[in-house]
Amino acid sequence: MNICVYCSSSELIDPSFVLLAAEVGAELARRGHTLVSGGGSVSCMGAVARAARAGGAHTIGVIPEALLAMEVGDTDSDELIVTATMRERKAIMDGRADGFLALPGGLGTLEELFEIWVAALLGLHDKPVVVLESEGVFTHLRLLVDDLVGRGFVRPQARDTLIWATSITEALDFVEAGAAGAAGGSRRLPAAPAGSAEAAEAVEAAEAVEGE
């Protein structure tokens with residue numbers, strides 16, 4: 001299966017996160033999967049791709065032309081797809097993936113995570129979306145989402161669609177199980193009744209995505 005990994009390209013982070021990304025790439029390869037990534041060669045993005053290839057995995061990198069021009073492209077990718085825009089980049093990554101795994105990252109990682117998560121809530125895809133928590137990076141994000149649920153801005157079912165893992169093994173197990181469920185048609189969310197609070201939230205989420 002093809003697993004899309006969202007992760008950091010920052011070179012200012014603690015090296016432990018780069019090592020984590022490399023370990024994810026190695027385990028992904030050991031399980032016989034293909035890596036889909038943002039096509040970068042630096043920090044976690046480069047580490048996960050290099051480790052995946054070292055383990056024999058096929059790697060697909062998708063990068064906007066503007067970033068490739070900055071010489072940060074993973075030119076060793078088995079497939080390096082260069083796009084005109086960031087939106088085109090994300091569309092290709094989404095389309096090539098059977099499941100999604102977010103590692104600790106910054107604003108770009110969060111933006112990708114939220115967009116693919118909301119797309120699942122809207123029924124636009126039924127692929128698993130998993131977050132690998134490490135060293136408490138996403139602790140405040142989880143607390144924020146829980147608070148939004150408590151205040152009625154997010155329904156519990158929407159929160160629970162996102163799968164949290166605390167180890168690489170657990171994370172990839174969740175992605176594999178979710179993708180198998182999607183193939184069997186068991187992961188698609190039921191449509192919300194027209195006029196319901198759930199339907200109203202879906203419309204609000206759709207408008208948010210369209211307004212990015």
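**View 1. Helix α8 and the elements that cover its buried residues**. Helix α8 spans residues 168-183 and has 16 residues; from its first C-alpha to its last it reaches 23 Å, close to the 22 Å expected at 1.5 Å a residue. The expected span of a helix is 1.5 Å times one less than its number of residues. Helices (H or I, at least four residues) and strands (E, at least two) are DSSP runs, numbered from the N terminus. This is a predicted model, in which local features need pLDDT of at least 70 and side-chain atom pairs count only at pLDDT 80 or more, while totals for chains, interfaces and linings use all residues. Residues are numbered from 1 along each chain as its sequence is written, and side-chain values use heavy atoms, with hydrogens and water left out. The buried residues of α8 are I168, A171, L172, V175, G178, A179, G181 and A182. Buried means under 20% relative accessible area, exposed over 50%, and partly exposed in between (1.4 Å probe, protein chains only). The cover over these residues includes β1, α1 (15-30), β5, β6 (129-132) and β7 (163-165).

**View 2. N2 in strand β1**. N2 is buried, at a relative accessible area of 19%. Its side chain reaches the backbone oxygen of R96 at 2.9 Å. A polar contact is a pair of N or O atoms within 3.5 Å; within protein, one must be able to donate a hydrogen and the other to accept it, and residues adjacent in sequence count only if both atoms are side-chain atoms. Apart from neighbours within four places in sequence, N2 is in contact (heavy atoms within 4.5 Å) with T34, V36, I60, R96, A97, D98 and G99.

**View 3. The stacked pair of Y6 and F100**. The whole structure holds 3 aromatic pairs. Rings of Phe, Tyr and Trp (its six-membered ring) pair if their centres lie within 6.5 Å; planes under 30 degrees apart count as stacked, over 60 as edge-to-face and the rest as tilted. The ring centres of Y6 and F100 are 6.0 Å apart and the planes stand at 15°, so this pair is stacked. Distant parts of the chain are linked here, with Y6 in strand β1 (residues 2-6) and F100 in strand β5 (residues 99-102), 94 residues apart.

**View 4. The tilted pair of F114 and W117**. The two rings lie 5.6 Å centre to centre, with 45° between the planes. F114 and W117 are 3 residues apart in helix α5 (residues 107-121), so about one helical turn separates them. F114 is partly exposed at 33% relative accessible area, whereas W117 is buried at 7%.

**View 5. Cysteines C4 and C7**. The whole structure has 0 disulfides, a disulfide being a pair of cysteine sulfur atoms within 2.5 Å. For C4, the nearest cysteine sulfur is that of C7, 9.2 Å away. For C7, the nearest is that of C44, at 5.4 Å. C4 is buried at 0% relative accessible area, and C7 also counts as buried at 6%.

View 6. pLDDT is the predictor's confidence in each residue, from 0 to 100. Its mean over the chain is 88, and 86% of the residues reach 70 or more. Where pLDDT is low, the predicted coordinates should not be read in detail.
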